[in-house]
Each structure stands twice: as C-alpha cells, then as structure tokens.
Amino acid sequence: MSVRAGEAFALARAVAEVEALLTAPLPAAGPTAADGDPVTGEWAVTTGEGFRIVPLWEGDALDGVDGPAWDDAQEAAEALLAALVAELDARWGAHHQVAVHVALLLREHGGPAAVPALFEALLAADCYGDLTAWGPVSARERWVGVSVGHSDGDAPLVMAAVVSDRPIVAPDPPSWL
C-alpha cells in the first residue's frame, strides 16, 4: 500500500509530480531507502544511488476480484497510464519500453545482489509493471520512467514514477534466459 491509497487519479497532478522529480535531489551514493508516511507507514518514496521512485496513484484492493471485474480494473489502470504517457510524450517526444521481468528473474535466481539497485527498489515497492521511459529530458540530464502494476492478483494496482541521473535500461538478461 502507498500514500496514494484512496486518492482519485488526476492527470494534471501526476504530470506535475513527474516534472517535479526532474529537480528533486538524488543521492549520489549510499544504500536504497524506502520511506513511508510518518502516521500510516504507507510507502511514500524510495531513494537510492542516483534515483528516486514515488507512487502517483493506487487503485482499490483486488481481494476477491476476478474474471471480468479484474480485467476491468487492469484495463482502467492501463488507460490512466496511457493518458499520462501521452501527455509526457507530448512534452518529451517518443518513449521507450523497459522490461522489468528480467530483474524479477535475476532476483529469483541470483538473489537481490544480482539486480541493479533501481530495479531492486522497484520490485521491493511491488512495482512490477514494465517502465515507459524517456531521457534525458532535462538540462540536468535525467531519465524518467512510469509504470503501473502490482505484485500479485489481489494487491492494488500502483502507478509509480522514477527519475534517474543515468539511463533507465533493462538489466542484461542471464545467459540461461
């Protein structure tokens, strides 16, 4: 769960928050740290070496939801993401896709140490959706990515944004893949 639980999606707010990430401080070094709301403990931000990840929206819990209702929830979340992507494409040009599943396979078979810190942080925040990414998009040479996904069929769908001071590219797949 994130600090966005219960909030309606607002495209203008999401765009403003993504753009604010372009000037947000990014740690030059150090461990990855996830911070939560001081009252609820819900996930608010994750920072790590050269990146920051924030939730932009969280859907309803999907406990007991299946079949057409689950499909509808997934399609609605993807439509929200598509609206955000269209707005960011208009600002920054064409995006590229970055697969996250390779990082998940690396984690499952090689442990967290085998996964680049940015991708380990995404997985730790249950951000399993592939990233739509742009970059560099600012004078500060930053890359931005957005995604929507969840860790399992009952977890709420979460839209997240990431900013990085280095290119956002999928980790190299293992030789056995």
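Q: Which strands does helix α1 lie across, and how does α1 run to β3?
A: The model is a predicted one. In it, helix α1 (residues 11-21) lies across β3, β6 (143-149) and β7. Its angle to β3 is about 175°.

Q: How does α4 run to β3, and which strands does α4 lie across?
A: Helix α4 runs at about 25° to β3. The strands under α4 are β2 (43-48), β3, β4, β5 (131-134) and β7.

Q: What makes β1 and β4 edge strands?
A: The sheet is open, with 7 strands in the order β1-β2-β3-β7-β6-β5-β4 and antiparallel pairing. Strands β1 (33-36) and β4 (96-98) each pair on one side only, and are therefore its edges. From one strand to the next, the twist averages 25°.

Q: Why are β3 and β7 called paired?
A: Pairing needs at least two bridges; β3 (residues 51-58) and β7 (residues 158-164) have 7, in the antiparallel sense, so they count as paired. Within this pair, I53 has V162 of β7 as its bridge partner.

Q: Which residues of α3 are buried, and why are they said to line one face?
A: In helix α3 (residues 101-110), the residues V102, A103 and L106 are buried. Seen down the axis of α3, the buried residues fall within an arc of 100°, so they line one face of the helix. These buried residues pack against α4 (117-124).

How values were computed. Residues are numbered from 1 along each chain as its sequence is written. This is a predicted model: local features need pLDDT of at least 70, side-chain atom pairs count only at pLDDT 80 or more; totals for chains, interfaces and linings use all residues. Side-chain values use heavy atoms; hydrogens and water are left out. Buried means under 20% relative accessible area, exposed over 50%, partly exposed in between (1.4 Å probe, protein chains only). Helices (H or I, at least four residues) and strands (E, at least two) are DSSP runs, numbered from the N terminus. The arc is that of the directions from the helix axis to the C-beta atoms. Contact means heavy atoms within 4.5 Å. Axes are lines fitted to C-alpha atoms, for helices over the stretch in contact, and angles run from 0 to 180 degrees between N-to-C directions.
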